2 protein chains.
Amino acid sequence: MSESIRVFASATVANVACGFDILGFAVNAPGDEVILKKKNTPGVTISQITGDGGRLSLNSQENTVGVAVLQYLNKIGSDQGIDITLHKKMPFGSGLGSSAASAVAGAFAINELLGGSLSTEELLPFAIEGERIACGSAHADNVAPSLFGGFVLIRSYQPLDVVRINTPPELYCAIIHPQIEVPTKEARNILKKNIRMEDAITQWGNVAGLIAGLMQSDYALIGRSLQDVIVEPVRSILIPGFEKVKQASLQTGALGCGISGSGPSIFSLCRGQETAVQVGKAKQQIFEQLGIGCEVYTSQINQQGPVILE
Amino acid sequence: MSESIRVFASATVANVACGFDILGFAVNAPGDEVILKKKNTPGVTISQITGDGGRLSLNSQENTVGVAVLQYLNKIGSDQGIDITLHKKMPFGSGLGSSAASAVAGAFAINELLGGSLSTEELLPFAIEGERIACGSAHADNVAPSLFGGFVLIRSYQPLDVVRINTPPELYCAIIHPQIEVPTKEARNILKKNIRMEDAITQWGNVAGLIAGLMQSDYALIGRSLQDVIVEPVRSILIPGFEKVKQASLQTGALGCGISGSGPSIFSLCRGQETAVQVGKAKQQIFEQLGIGCEVYTSQINQQGPVILE
């Protein structure tokens, strides 16, 4: 068995318009990289974190990767000492599941380093616990797609019920991350506790349409279903230029467009890479006109989950 | 071209637990039978209705079949005279889409009788208009599955967007109709106008799970998803014995159980005919213990829609 391992885990788009709190999918880039090294002294240490601007804790019990690794070791009853290096290669607070990518990379890496005794499904709770440290609550709509790859439905939390949804081969995503801050807590607090039955019916009609469209490779149905009448009208006001970006995205041929997670990133689903690239450019232009810096990511729906790097 | 036609259209289960107002499926029996005869004098008349206990209007403009036929003739610009006979072969006000079955039989029959110039999809508006006469509103969650067969999603009404959902071959339904009256209007009026966001999320997670389960032939997932946390808790109080029937149904091996349409019929989805028959019997016992008369229907999910009878 090798003495160290380097693992990359992907960013994810949670909610996906109509699927608030139940849907998420993984992209090929950006993502986070974790290096785990066996050491001769017991305990889990973090020797280095890059790309976080000094914002993440080096205390393994307060760090999303550290917690995922600690929980894993605890579960399998191992006292193997581990040193962690974390390279954040994606923006913080972007709505792209940054902490989930780190937690997944950690859980996947430790399992591989120690012989891979647990299945991917069995790794989910450790990644969820890692993410809890960052978010304060145990959400799975970023962690599950980053771990399994593809499009994932979290049907239920109690008990946890995760379902993989097949997606059509030409489905691409164009994401834009505007460099503004939308704290997850604020994005959650402005949501209403009660909603109109009428809107809920519209929403679950769209959720059903999205699942059917993905599974039937019906791109037009996917497009018609990517509508969020409940969360987007409230949250989009926190993202300057959202409506313009959405309009430009649809005019450039995107199937649909919405807020990624709690924002401020905005995703568009597209048929084909060429359209996704054009949509990414159209979105970028809007933020440039507004004088807001941004990054664009274009990617197929990630299918493989975390990967071991040389 | 023949001078007359006899058509059977199926009963339907709308809502299907978590899919309030957006899902429905057709069964093989019961259903309604319509006979249309060409006549030499213009206009649409209804010469006979059986099985309705005298409750339906013989005025073609006030009758669900009459309206469907009239709207069709109007649309294609035909002044062909038609006489209608309607045999109601299923209970009224049962929550099994009785008026929808009649409207679908009428729309399908007139199109076939006059040469079948319109596609099945194009017949939907006439059946919806027929149903509007009976219900006061233009719902499609009974009409669409009766017309297309199978499991149907009404993703949206404006514009109308109907999606067929494939179902696994061993999926059977056991329906019980207790002989009590639950007026559709009352069943609708007791629903709340606002619901908790938390419950809505649970509901659309289940809707997504049900669609995925049906399309992946994952019977266990279908079962886990057949839960309604919004409408059933309110409406089930109108149906004496509902909880007992549900419990007996699940204990006998049903995947899930819920109110059919606005009730009082209760459907159970099952894997295999044998289980469905046993579940039907278990449900019947409960109503017999309560001294409530009932009919039981066991059927595969209907796949073909209306059929022409000899």
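Two strands pair if DSSP finds at least two bridges between them; helices (H or I, at least four residues) and strands (E, at least two) are DSSP runs, numbered from the N terminus. The model is predicted: local features need pLDDT of at least 70, side-chain atom pairs count only at pLDDT 80 or more, and totals for chains, interfaces and linings use all residues. Residues are numbered from 1 along each chain as its sequence is written, chains are lettered from A and ligands numbered from 1 in the order in which they are written, and side-chain values use heavy atoms, with hydrogens and water left out.

**Exercise 1.** Determine how strand E8 of chain A pairs with strand E8 of chain B.

*Solution.* Step 1: E8(A) and E8(B), the latter spanning residues 194-196, pair in the antiparallel sense. Step 2: the pairing extends over three bridges. Step 3: Ile195(A) stands opposite Ile195(B).

**Exercise 2.** Describe the extent of the interface between chain A and chain B.

*Solution.* Step 1: counting contacts (heavy atoms within 4.5 Å), 37 residues of chain A meet 37 residues of chain B. Step 2: the buried area (accessible area, 1.4 Å probe, that two parts lose on being put together, summed over both) is about 2800 Å², and carbon and sulfur atoms give 70% of it. Step 3: on the chain A side, Arg155(A), Met197(A) and Trp204(A) lose the most area to chain B, together 28% of what that side buries.

**Exercise 3.** Identify the polar links across this interface and the elements of chain A that touch chain B.

*Solution.* Step 1: a salt bridge requires a side-chain nitrogen of Lys or Arg within 4 Å of a carboxyl oxygen of Asp or Glu; two are counted between the chains. Step 2: one of them joins Asp161(A) to Arg224(B), with the closest N and O atoms 2.6 Å apart. Step 3: the elements of chain A that give two or more residues to the side touching chain B are strands E5 (151-157), E6 (160-165) and E8 (194-196) and helices H6 (197-215) and H7 (219-225). Step 4: H6(A) supplies the largest share, 13 residues.

Methods: Polar contact = N/O pair within 3.5 Å; in protein donor to acceptor, adjacent residues only side chain to side chain.
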